[in-house]
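I opened this notebook to keep track of what I looked up, entry by entry, in the structure shown below.

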Amino acid sequence: MNAPTLTEYATALGSQAKRASARMAAASAAIKNKALRALAALLRANVDALQIDNARDIERAIANGLAAPMVDRLRLTPKVIETCAQGCEQLAAMPDVIGEIVGMQQQPSGIRVSQMRVPIGVFGMIFESRPNVTIEAASLSIKSGNACILRGGSEAIESNKALARLVQQALEDAGLPAEAVQLVQTTDREAVGRLIAMPEHVDVVIPRGGKGLIERISREAKVPVIKHLDGNCHVYVDDPCDIAMAVTVADNAKTQKYSPCNAAEGLLVARGVAAEFLPRIGAVYAAKGVEMRCDAEAAAILSGVAGAQLVPATEQDWSEEYLAPVIAVKVVEGLDEAIAHINRYGSHHTDAILTRDHMHAQRFLREVDSASVMVNTSTRFADGFEYGLGAEIGISTDKFHARGPVGLLGLTSLKYVVLGNGETRH
């Protein structure tokens, strides 16, 4: 018998997911939570085995010359596995929103109109590098009563296969269909093309990866897409601010980890505090080897900092997502210029203001057009786990349906529910 074609394979995955989604939508909260707790236990019991599979992926990635930030995203350390397990448990402890009725209103006709929260159905998830996304997507899919088809990057295929086996084991142990979470087993890129062109089986596609991947998915998909293209996040140091706190937060936002999309790529400093703030943050960045791409005013202030790597900023730097120890630095007149700069050059992902002025904070929150806006804290908190969502399936910079970290609610929809007692329309 001949092996199935890619089209046949993708169609089989889709039809299996569609069937499984009906059972998942009807599953009780207790059963779904049982599967999540079983998955957490399986992750903890298989740390050593998972690292063996992950080591194969890392070895191959390094041999293939994969960039260091991408190799970093590929690592499935015991800490990463434990965070995944905790995410499953956090989701299991959360209320089940499926079937929830909201906004009940009685109309003059006598009918009562409300909305019920229901699963989306089947979502396709296409992602690169990070194998922990397999668990985040699977656990959110289970909790929200959906089915999902996951397609990870070829660089993480062994890790993803190992994780997907644990997910399917947890589903079966809880009495749920294993096909509720399926991993595309081939690394052929055409499989993605098939997955995003099956509206009869897939209700929404969520790409999570580099700009090239997301642009391709957005261009070719025949089903709705939840996406963000890049994370050009900003920290704006306002006048007035707590300088010591601003140094700590600006340091964390950039250097706690360079590769995530919520790391700060732009630092805007109000002119009134620049002379005091910039030499202090400059010394921190210099010590950590962070290159600063500066406008002329920032460069002049930072020129006396020992060991500082200063490079004149180009127009392109204001829009750049570095994912590396590089940050664009600009002195601005104040709040108005900072907001205008962020809305022009930012990617509408996450932006923060560090300030002592309550009115400035309120204006920043209202006027900066981003999925997450923050006051006096690090952009690195823009994350489903940190937001208490249990896990996230990605971060959306779209403005419809889901925006910001997409957690449990982002994988649901609302349908109208109308209750009557024999009323007829006149």
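**Entry: the largest pocket**

I looked up the largest pocket and noted about 970 Å³ of space in it, bearing in mind that I am reading a predicted model. I counted on the listing for its lining, which gives 32 residues, and I wrote down Thr83, Asn132, Lys257, Arg380 and Asp383 as the ones that lie nearest the centre of the pocket. When I asked which elements supply at least two residues each to this lining, I found helix 4 (68-74), helix 5 (78-93) and helix 6. Helix 5 has the largest share of the lining, with five residues. I then sorted the lining of the largest pocket by class, and it divides into 10 nonpolar, 10 polar and 12 charged residues.

**Entry: the second largest pocket**

I went on to the second largest pocket, whose volume is about 260 Å³. Its lining is made by 17 residues, and Arg73, Arg130, Gly209, Gly210 and Leu323 are those that lie nearest its centre. Here I found that helix 4 gives the largest share of the lining, three residues, and I recalled that helix 4 is also among the helices that supply at least two residues to the lining of the largest pocket. By class, I noted six nonpolar, four polar and seven charged residues in the lining of the second largest pocket.

**Entry: the cavities**

I reminded myself that rolling a probe the size of a water molecule over the atoms shows where empty space is left.

The largest cavity holds about 50 Å³ of space, and I listed Leu6, Tyr9, Ala10, Leu13, Val184, Ala191, Leu195 and Met198 as the residues that line it. Helix 1 (6-26) and helix 8 (190-195) are the elements that give two or more residues to this lining, and helix 1 gives the most, with four residues. When I sorted the lining of the largest cavity by class, I found eight nonpolar residues, no polar ones and no charged ones.

The second largest cavity has a volume of about 40 Å³. I wrote down its lining as Asn232, His234, Glu265, Gly266, Leu267, Leu268, Asp317, Trp318, Glu320, Ala328 and His341. The largest share, four residues, comes from strand 8 (residues 264-270). The classes in the lining of the second largest cavity are four nonpolar, four polar and three charged residues.

**Entry: helix 6 and helix 7**

I kept in mind that two packed helices are described by the angle between their axes and the distance between the axes. For helix 6 (residues 132-143) and helix 7 (residues 157-173), I noted axes that come within 10 Å and cross at roughly 20 degrees. Angles under 35 degrees count as roughly parallel, and therefore I recorded helix 6 and helix 7 as roughly parallel to each other. In the contact, Thr134, Ile135, Ala138 and Ile142 come from helix 6, while Asn160, Leu163, Ala164, Val167 and Leu171 come from helix 7. Helix 6 passes helix 7 in a right-handed crossing.

**Entry: helix 10 and helix 11**

I then turned to helix 10 (residues 243-255) and helix 11 (residues 271-287), which pack at an angle of about 40 degrees with their axes 10 Å apart. I therefore recorded helix 10 and helix 11 as oblique to each other. Helix 10 passes helix 11 in a right-handed crossing. I noted that the residues of this contact divide into 10 nonpolar, one polar and four charged.

**Entry: backbone details**

Which two residues does a cis peptide bond join? I found Asp239 and Pro240, with omega at about 10 degrees, and I placed Pro240 in the loop between strand 7 (233-237) and helix 10.

I also looked up positive phi values in residues other than glycine, and noted Leu323, with phi near 55 degrees, and His401, with phi near 65 degrees. Leu323 is found in the loop between strand 10 (309-312) and strand 11 (326-332), whereas His401 has its place in the loop between strand 14 (395-396) and strand 15 (404-405).

Definitions and conventions
Residues numbered from 1 in each chain as written. Predicted model: local features only at pLDDT ≥ 70, side-chain atom pairs only at ≥ 80, totals over all residues. Heavy atoms only, no water. Axes fitted to C-alpha atoms, helices over the stretch in contact; angles between N-to-C directions. Parallel < 35°, antiparallel > 145°, perpendicular 65-115°, else oblique. Left-handed = near helix turned anticlockwise from the far one by under 90°. Nonpolar A, V, L, I, M, F, W, Y, C, P; charged D, E, K, R; others polar. Contact = heavy atoms within 4.5 Å. 1 Å grid on protein atoms, 1.4 Å probe; cavity = no way out; pocket = protein on both sides within 12 Å on 5 of 7 lines; lining within 4 Å. Points joined across faces, edges and corners; volume = space filled by probe spheres on them.
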